[in-house]
Amino acid sequence: MFLLVFYLQNSPHRLLFLSTLSLSLSLSLSLLYRLASSMAKLVVEVLDSVDLLPKDGQGSSSPFVEVEFQGQRQRTATKFKDLNPLWNEKLVFQVKNPRDLSDETIEVSVYNDSKNGHHKNFLGRVRISGMSVPFSEEDSVVQRYPLDKRGLFSRVKGDIALRIHAVILESKSFDPEEEVLQHVNGVENRHRHNNNTTHSYDKATESTTAVPSHEVNAKKFDAEYQYMENQAKNKKKKELRTFYSVGTGSHGGGPPPPPAEKFQPAFVETRSDFNKAGSVPSASVMQMQFSGQKPEFAVVETKPPLAARMGYWGRDKTASTYDLVEQMHFLYVSVVKARDLPTMDLTGSLDPYVEVKVGNYKGLTGHFEKNQNPVWKQVFAFSRERLQSNLIEITVKDKDLVKDDFVGKVLFDIVEIPQRVPPDSPLAPQWYRLADKKGDKINHGEIMLAVWMGTQADEAFPDAWHSDAHSINQQSLASTRSKVYFSPKLYYLRVHVIAAQDLVPSDRSRPLETYVKVQLGHQLRLTRPSPMRNINPEWNEELMFVASEPFDEYIIISVEERIGPGKDEVMGKLVIPVREVQQRFETAKMLDTRWYALLLPSVAEETGEKKKEVKFASRILLRLCLDSGYHVLDESTHFSSDLQPSSKHLRKHSIGILEVGILSARNLQPMKSREGKLTDAYCVAKYGNKWVRTRTLLDSLHPRWNEQYTWEVHDPCTVITIGVFDNCHINGKDDARDQRIGKVRIRLSTLETDRIYTHSYPLLVLSPSGLVKHGELHLAIRFSCTAWVNMVTQYGKPLLPKMHYVQPISVRHIDWLRHQAMQIVAVKLSRAEPPLRKEIVEYMLDVDYHMWSLRRSKANFYRIMSLLSGISYIYRWFDGICYWKNPLTTILVHILFLILVCYPELILSTIFLYLFVIGLWNYRFRPRLPPHMDARLSQAENAHPDELFEEFDTFPTSQPTDLVRMRYDRLRSVAGRVQTVIGDLATQGERVLSILSWRDPRATAIVIVFALISAVFLYVTPFQVVAVLFGLYTLRHPRFRSKMPSVSVNFFKRLPAKSDSLL
């Protein structure tokens, strides 16, 4: 780099170079210079560790952490008798060469301090690649690493939380633009100076005139590092040592922090993608970290205390059906009804309602006007962990304009509340006499109540009023409850328009241009104009629609004549109820056609006897059927959750059960910060035709749902989608839209059967401003197989039902029908209570997946390149064999080749044996984590803002003309490259076809003469001899090879193509 700058200093064109130098290049030059002429410190912050293995023989351990980097070794203080220690100490190391940091390994070991420091027991270690270390404290995040074994017989348990980053220290303040100008104006002096400083950067850090950088005080780090070196020199002393944490603030190092409480997180996160970072090469490290994507975008394995893992089956009845979530205990109060209530008003009337109060939480029922025997049938649920009182106060009050009157109350002690565990029958409610304010029983008035302790497995849980929603009104309460929805059953409606007879035009002198318009609900399709311009036209065209049960819509068919542009005339109309259309189950047999009488437009709207009196001679030939053998696609086939046909008679039996526990979410972003609130989060999960919605937890960034749901699985090659949303309808805002927080897709075929997957998934949302992480979603998933034989045979069956292959639907029709199916599902689910609104359904079904996106096009391009990389690797390997880059491997390939030529019957068996061995070898490196939304694969991390702005634009666009022109020019440039590649492929194919086409008579003559000679040679020569000669010629030594292209390649490139015939 310095030679380049020196050359530019003496070049006559340096001014032109400086004027065209971009800001990005200057920053790159400055950063490289910064790394070359400066030193760095590595800061390892040891936070805490959880669930360590006891090693002192008394059920505990005294752990400390020892970190080793580039021969430097430091340790933390010892936490005596603590299996969940909390250190919060920073250890600082000197980095010899910052550019080589990515090739280094940081080894963190945890030991048990025994015999006052003279002996230590191994508790686990973590090896971290330097490639994952950021060069800024702001970019570093806290990561939890599972402790790894040191040897085969080591016993290790638990994990450790670390935060690691590197800090660059400089000998002077850093200004990128000034650095570049100084490179150009004073290169000769700088060149000499840099030759000295690059070999003695240690002395530069000791200079007392150095200016501290904006990140870390260089003097302070040197002082702290000198202190640690002095501590290391005193290792041989026998007395007990005290280790101090190294701070980065202005106060310097100090004594260890006071002992804190044992820290027990809500769920323990373990990162299995970093625990072996140091034992593999750098390229493998990136692969283990999900193709180099950022750690905060990766899936993290967790270990929540679930009943399915902790063996609760014999001790808890709920664990058998609700074992994928953490148990949450609730106090349930069921207010059923009251009778014989006393009147309170002077008019002798009573408007009663019930107030249930536990501590500061208060729930209210609705009130009834002038009713002394009201029936409420309402359940209240109070979280046991948030109970603030041991007394339950249930009060009946009279609704009044000024102040509500007290009628009576009933008190319960929480200690005496019975425990109910499903599947026990519901607790029978009992009558309780009301008491006055002093506690004395009153003469009139009783209330029927049931009070019990239960869990979220209770059947009263979904419809209950919850204490975390105590601040909203009764109207908005319904939108916070958990519900299960089912999509409507969809069918494809096929309308085959064949012909019409005896049409009556308004003007018989002009030729007819007729077409048929078919409408079903909001779906409208037109046929092409009939080529027969007379009163008996023919179309013979099929139109497809999407119909849904209960078939309460009508098919409106009209024959129209096109008189002029924008002017059409209806010649006849027909209305047919969908419920009268027959269903078709068999693929080989089509339903019979039928003639339908066309009615005048004025008569088609009428019914009854008046309709029968009108006689109209025109009629139309149609074939109508509901194709129930298809599966109606309402989501993309790439991540479809249901592939069953519409008819229940054609559906297959289930092969397993999918159980999903929606545990919690962590670190959500405040979606309502403008309103002074946090986030009202709820989850929606969709698999097959079953949708589930969890309850809404109000004003929380760490909601805990702990709700479990079950689906039947008919095909393992399906995908479940789980989304998180912010409820914007709490305050009755009907025009608001629920905000997206993120979603997760999981393919069932990637899951092992009967294994419990507990992971924390990042919630990523792509917006016009870029990729945003809104938090993490914690899930527990288990896929259980009930029919192994059926599941294995599914892999040999077609993905879609039989009718999709016997009578396939065109791609353009499939896209249009998918859009219509999405609209129908959204409308049906939005009419439920609480509704699944349109924006929720569209986001879950990816309604805009087919729209153009330059970012998605790049992602697909890189996917293709990654596939071709395997082919290129095989080619490079074979090229290395041919050029004898590894002589031993080439000799072994020669021997194997000769064996296969002599014994050709071993070729197939050898190939399949190799496939078996390779598959068995790759079993060691099988994915341990389920798939997720990959930000790096989606090209979302570094997407250009204009590309994202275009992706989220409306269709048709609403942007100004200049911006649209710029996008069009960019699309033309991209399409030009694609056009060139397609043209090259077409050229190669046309050259192959021209070999025997005599388009080039000399080339074709050469080919046929060569073919004749080869045929005679192969007839008289054994095949093994030909194969050996061909193989030895292909694998010949580089000494016998030429750098020029071969004769066959030269001949093929000279063959003619049709590219010269293009205009």
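Which residues have the most contacts inside the largest nonpolar core? They are L658, W705, W711, I720, L777 and I781, in a core of 36 residues. The model is predicted, and the protein has 1063 residues, of which 44% count as buried.

**Overall make-up**
- The secondary structure consists of 24 helices and 37 strands.
- Of the contacts between residues at least 6 apart in sequence, 70% join residues at least 24 apart.
- The protein exposes about 58700 Å², and carbon and sulfur atoms supply 56% of that area.

**The largest nonpolar core**
- The core of 36 residues draws two or more residues from each of β30 (656–666), β31 (681–687), β33 (704–713), β34 (719–726), β35 (739–747), β36 (756–767) and β37 (770–785).
- Strand β37 gives the most to this core, with 5 residues.
- Leaving aside residues up to four places away in sequence, L777 touches S664, A665, C683, W705, I722, V724, V744, H759, S760, Y761 and L763.

**A separate core**
- Another core, of 33 residues, lies apart from the largest one.
- Its members include F380, V407, L434 and I447.

**Cysteines**
- A search of the whole structure finds 0 disulfides.
- C625 is buried, with a relative accessible area of 0%.
- C882 is also buried, with a relative accessible area of 5%.
- Both values fall under the 20% cut-off for relative accessible area, which is why C625 and C882 count as buried.

Definitions and conventions
Residues numbered from 1 in each chain as written. Predicted model: local features only at pLDDT ≥ 70, side-chain atom pairs only at ≥ 80, totals over all residues. Heavy atoms only, no water. Helix = DSSP H or I, 4+ residues; strand = E, 2+ residues; numbered from the N terminus. Buried < 20%, exposed > 50% of the residue type's maximum accessible area, 1.4 Å probe, protein only. Contact = heavy atoms within 4.5 Å. Areas by Shrake-Rupley, 256 points an atom, 1.4 Å probe, with all protein chains shown as cover. Disulfide = S-S within 2.5 Å. Core = buried A, V, L, I, M, F, W, Y, C linked by side-chain atoms within 4.5 Å.
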